[in-house]
Amino acid sequence: SEWNPRKSGAANGIMGFFMGMSGLVGSVMCSSVINPFNKEPEPVNTTSGEEMLFLDDYVVNHTKNIWLAWAGTVAIMFLPGIFILRPPTPEEVCTQDDILSGDSFESVELLPRSKQLDQIT
């Protein structure tokens, strides 16, 4: 099994696309859940000066739920990664280096290739 996709540029592009879309969609979703009635923050005097804070109970109570949902989502994505990800074996590193062309800037010689080993011995 390969530990890296053959088309890493395409994989990075797809991941970048979804990361960008998550910010676009996520901010709208969070705003619609936390503050669906578009309440304005109110000026509050604090020790460091006047700040704008949301004092509406609905907004304050729903903010906690969003943080809990976010923490759960991160945990759901993180926990499988602990079991799925692993360092590549030396054979996989050599195989990946063979997949990339020898003149590619991505090609990194971490271990000698088997052809080179035959020449040395």
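Which residues make the nonpolar surface patch of about 970 Å²? They are Trp67, Trp70, Val74, Met77, Phe78, Leu79, Ile82 and Phe83.

## Ground rules

This is a predicted model, where local features need pLDDT of at least 70, side-chain atom pairs count only at pLDDT 80 or more, and totals for chains, interfaces and linings use all residues. Residues are numbered from 1 along each chain as its sequence is written, and side-chain values use heavy atoms, with hydrogens and water left out.

## The overall layout

The chain has four helices and two strands, running α-β-β-α-α-α from the N terminus. Helices (H or I, at least four residues) and strands (E, at least two) are DSSP runs, numbered from the N terminus.

Of the 121 residues, 12% count as buried, meaning under 20% relative accessible area; exposed is over 50%, and partly exposed is in between (1.4 Å probe, protein chains only). Accessible surface comes to about 9900 Å², with 67% of that from carbon and sulfur atoms (Shrake-Rupley method, 1.4 Å probe; for residues, only the protein chains shown count as cover).

## Back to the patch

Patch members have over 30% relative accessible area and no salt bridge; nonpolar side chains (Val, Leu, Ile, Met, Phe, Trp, Tyr) are joined within 5 Å, like charges within 9 Å. A salt bridge puts a side-chain nitrogen of Lys or Arg within 4 Å of a carboxyl oxygen of Asp or Glu. Phe78, one of the patch residues, sits in helix H2 (residues 57-84) and counts as exposed because its relative accessibility is 53%.

## Met52 and its contacts

Over in strand S2 (residues 49-53) we find Met52, exposed at 52% relative accessibility. Leaving aside residues up to four places away in sequence, Met52 touches Pro41, Glu42 and Pro43 (contact means heavy atoms within 4.5 Å). The C-alpha atoms of Met52 and Glu42 are 5.2 Å apart, with the two residues 10 apart along the chain.
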